[in-house]
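Visitor: I would like to go through this structure slowly, asking at each step what a term rests on.

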Amino acid sequence: MKLPSLCALLVALCLFTPTSKAAHPLALVPYPTHLAIETGKTLNLPSELTVHVPDDRHWAEHMKVTGTLIERISRGELRLRLSDSPDALLQITKDDSLAPEAYTLHIDETRLLLKVASLKGLAHGTATILQLLGESEQLQLPCLEIHDAPRSSYRNFMIDMGRNPHSVALLKETIDLLWFYKVDSAQLHLTDDQRIAFPSTAFPNLWDGLISSDEFRELEAYAVTRGVTLIPELEVPGHSSMLLKRYPDVFGKNGTELASSPKALKGIKTLLNEMMDVFSSTPYIHIGGDEAFGVPEEYQRDLINTLHEYLKSKGKQTLVWEGPRPGKGDNKVNTEVIHLNWRTINYPADQMLDDGYRVVNASWDPLYLVDHYPRTNFTMTSPQHIYETMSLTRFKHVNPGIPTYSNPIDVQPTDQLLGFCMPWWEGREENYFAQIVPRIIPFAEVAWNPEISRDFSDFASRSTKTEWVRHAAHYPVSITPSQLSVAGDSVFQSQTQVTLTCNLPVTPKGTPVIRYTLDGSEPIASSEVYAGPLTLSQSSTIRAAAFLNDQPIGHGSRSKLTAVDPTRNKALGKPVTSSVSSGSPFSVDRITDGGTDNLDFYLGYPASPEPISITIDLESIQTVNRIDVVAYTISGSYEKYTVECSTDGIHFEEVASRLDKPQKPAPLVQHELSPRDVRFVRIRTYGNRDYVFNSFSKIVEVLVY
């Protein structure tokens with residue numbers, strides 16, 4: 001199970017050294033709150049790992065799933081077997097003195113002892129064991145002691161299914177991702193103005209026709225087995241056009257009728273009953289509550305209170321978005337209602353806390369991931385920005401026009417702050433994994449323990465290794481493209497050769513085969529069989545899966561490869577740096593990758609109040625007489641910037657600019673210069689203006705002649 005050289009293990013600590021006083025020695029994400037390693041001592045693993053589990057079918061089922069992943073990680077060298085023996089190698093004990101999500105793991109030279117109080121605690125413990133096994137080079141585990149529990153009880157990733165469809169396969173992959181990184185729950189935003197993804201029996205004309213009740217029930221069981229909670233959301237009274245359009249006789253003709261009519265209330269309760277029947281394990285139900293434009297706020301608050309009392313009678317807790325202002329007296333929203341504070345405008349977070357509410361931090365900066373529907377534009381901060389700035393007590397927006405951009409609201413730590421929600425809004429499945437995976441991993445670590453000592457280079461090293469393990473566990477096929485010009489963003493110039501590798505061993509049942517597609521569709525038993533490297537010359541989404549006897553194994557892999565037809569210039573392929581962090585698939589290297597397509601842009605944040613400095617090193621002094629800047633342009637947007645040149649990288653001279661909005665904004669601006677010696681070209685950008693948020697830079701390419 002030897003990892004690639006870039007994933008070599010870090011040096012072990014001294015005998016039982018507390019990790020809080022040293023660099024993190026193991027590739028674990030999120031890092032345990034308390035961990036000690038016994039240097040020089042290891043547990044040698046036999047090929048058969050026996051495990052003793054308390055008499056609970058859900059726990060046993062979880063361990064069977066875990067066993068499958070262990071076998072894949074070890075390429076068949078390790079197999080897990082449930083055993084009734086008290087001498088089993090892995091002893092799992094139910095300990096009701098522990099918190100529901102806590103676990104303790106003891107590894108000595110003879111066995112593993114895992115103590116948990118619930119299935120969630122068990123899932124957190126097995127996620128740690130999987131990551132430890134991935135580090136093992138010689139089927140050994142370090143002797144150690146872990147006492148771990150989340151510092152935040154609410155750690156949620158939200159998926160917008162009300163704007164664009166998301167498949168069952170994608171949702172299952174997401175559940176496995178959340179299990180592996182100990183994210184507690186996934187909120188399914190099932191209803192919005194564009195579509196309703198939930199298959200109502202009472203109101204069948206609402207359904208988008210994609211995921212059936214049986215599939216949602218199977219998904220619920222899949223999540224429960226892996227310790228992940230699915231939280232359904234029915235958005236009312238705002239974002240409810242589908243209810244009004246399809247059943248006006250029940251829900252009314254406008255939002256006010258929806259919020260106040262007894263008949264509409266009965267219909268809403270019917271939908272909630274159907275959701276609670278399918279998603280039976282969740283302690284929470286989300287009822288929306290935001291952006292109910294035109295609906296009197298007193299009606300909004302009354303509806304929230306009425307639905308809260310109903311959900312409470314069913315044993316559920318009510319979640320709402322930051323919505324109407326607080327109200328007074330009988331029209332004040334019940335303080336038992338949990339608020340997700342997302343923009344801290346109409347009801348600022350500090351006021352929510354002062355008024356006695358429990359609050360979930362869903363702040364735009366850094367938590368919002370927006371693939372703007374249905375446009376080709378994106379709002380999301382970089383993985384590094386998320387890791388370094390995410391705070392339970394800070395509420396900030398990404399829009400400079402909103403006061404909390406310049407003056408974030410900082411509150412005192414309190415038990416009323418439950419945790420975090422990272423929402424994926426308006427997104428398309430084709431962009432999903434490339435955009436959310438790099439960002440959900442830092443989210444997971446900080447949400448688990450907001451007090452963790454943060455060193456992004458250390459985190460990046462650990463997460464590189466854990467991602468290798470996760471892929472080995474869940475994705476039997478590796479996709480390896482060659483000749484990438486921007487490796488992290490999967491960009492190639494003109495042509496790339498792609499190799500597919502099956503990481504599964506030959507079994508008595510047969511030899512797995514790889515089947516693949518190039519159009520983004522999920523491989524099936526009749527898809528093309530892989531026979532050798534694939535040569536691609538245009539943008540493609542490769543999907544590949546392992547099949548044994550025509551049955552898929554694990555999840556299918558995917559890689560969205562972007563082809564660029566490079567425009568030859570002196571900056572092509574040259575190193576480029578930025579004063580702010582960026583991240584896949586919008587890395588700063590996109591600025592010199594040769595592509596000038598409107599979506600081939602770098603996404604930099606924040607560009608205000610100080611501009612972002614982007615520096616290209618031509619690697620030698622050259623004569624330059626023209627610099628072209630290509631920037632994202634849509635609906636009149638334009639990039640505001642200056643262009644500077646230098647021979648030494650220290651002393652720069654401004655040579656061109658675009659500081660005012662042109663009458664007709666164009667993506668390409670040619671800046672003619674008098675011939676001069678240049679090695680470094682620096683763009684100081686104030687962001688892409690007049691479309692969504694001015695605080696993001698969207699430079700596509702800088703060409704130097």
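**Rings, helices and backbone**

Guide: Let us begin with a cluster in which ring pairs link Trp321, Trp342, Trp364, Tyr368, Trp425 and Phe693. Please keep in mind throughout that this is a predicted model.

Visitor: How many aromatic pairs does a search of the whole structure find?

Guide: The search of the whole structure gives 27 aromatic pairs. One of them is formed by phenylalanine 180 and tyrosine 181, with 5.0 Å from centre to centre and 90° between the planes.

Visitor: What makes the pair of phenylalanine 180 and tyrosine 181 edge-to-face?

Guide: Ring centres must lie within 6.5 Å to pair, and planes over 60 degrees apart count as edge-to-face. Phenylalanine 180 and tyrosine 181 have a centre distance of 5.0 Å and an angle of 90° between the planes, and the pair is edge-to-face.

Visitor: Are phenylalanine 180 and tyrosine 181 buried or exposed, and how do you know?

Guide: Buried means a relative accessible area under 20%. Phenylalanine 180 has 2% relative accessibility and therefore counts as buried, and tyrosine 181, with a relative accessible area of 1%, is buried as well.

Visitor: Why is the pair of phenylalanine 601 and tyrosine 632 called edge-to-face?

Guide: The ring centres of phenylalanine 601 and tyrosine 632 are 5.2 Å apart and their planes stand at 75°, so the pair is edge-to-face, given that the term needs planes over 60 degrees apart.

Visitor: What does the pair of phenylalanine 601 and tyrosine 632 tie together?

Guide: Phenylalanine 601 lies in the loop between strand E29 (576-578) and strand E30 (612-631), and tyrosine 632 lies in the loop between E30 and strand E31 (638-646), so the pair ties together parts that are 31 residues apart in sequence. Phenylalanine 601 counts as buried at 0% relative accessibility, and tyrosine 632 counts as buried at 0% relative accessibility too.

Visitor: Turning to the helices, why is H1 called roughly parallel to H2?

Guide: Two packed helices are described by the angle between their axes and the distance between the axes. Helix H1 (residues 57-73) packs against helix H2 (residues 119-135) at an angle of about 10°, with the axes 11 Å apart. Because angles under 35 degrees count as roughly parallel, that angle makes H1 roughly parallel to H2. The crossing in which H1 passes H2 is right-handed.

Visitor: Which residues of H1 and H2 make the contact?

Guide: H1 contributes His58, Trp59, His62, Met63, Thr66, Leu69, Ile70 and Ile73, while H2 contributes Leu119, Leu122, Ala123, Thr126, Leu130, Leu133 and Gly134. Sorted by class, the contact of H1 with H2 has 10 nonpolar, 5 polar and no charged residues.

Visitor: How do you know that H3 and H4 are roughly parallel or roughly antiparallel?

Guide: Helix H3 (residues 168-180) and helix H4 (residues 213-225) have axes that come within 10 Å and cross at roughly 15°. With the limit for roughly parallel set at angles under 35 degrees, H3 and H4 are therefore roughly parallel to each other. Their crossing is right-handed. The contact is made by Val168, Leu171, Lys172, Ile175 and Asp176 of H3 together with Glu215, Glu218, Leu219, Tyr222 and Ala223 of H4, and the residues of this contact divide into 6 nonpolar, no polar and 4 charged.

Visitor: What makes arginine 428 buried?

Guide: Arginine 428 has a relative accessible area of 17% and is buried, since the limit for that term is under 20%. Arginine 428 lies in the loop between strand E19 (417-425) and helix H14 (429-448). Leaving aside neighbours within four places in sequence, arginine 428 is in contact with Asn164, Asp371, His372, Pro374, Arg375, Thr376 and Phe378.

Visitor: Why is serine 494 called partly exposed?

Guide: Partly exposed is the range between buried, under 20%, and exposed, over 50%, and serine 494, at 39% relative accessibility, therefore counts as partly exposed. Serine 494 is found in the loop between strand E22 (491-493) and strand E23 (496-502).

Visitor: What is the phi of serine 494?

Guide: Most residues other than glycine have a negative phi. Serine 494 has a positive phi, near 70°, and valine 692 also has a positive phi, near 65°. Valine 692 is partly exposed, with a relative accessible area of 34%.

Note on methods: Residues numbered from 1 in each chain as written. Predicted model: local features only at pLDDT ≥ 70, side-chain atom pairs only at ≥ 80, totals over all residues. Heavy atoms only, no water. Axes fitted to C-alpha atoms, helices over the stretch in contact; angles between N-to-C directions. Helix = DSSP H or I, 4+ residues; strand = E, 2+ residues; numbered from the N terminus. Parallel < 35°, antiparallel > 145°, perpendicular 65-115°, else oblique. Left-handed = near helix turned anticlockwise from the far one by under 90°. Contact = heavy atoms within 4.5 Å. Nonpolar A, V, L, I, M, F, W, Y, C, P; charged D, E, K, R; others polar. Phe/Tyr/Trp six-rings, centres within 6.5 Å; stacked < 30°, edge-to-face > 60°. Buried < 20%, exposed > 50% of the residue type's maximum accessible area, 1.4 Å probe, protein only.
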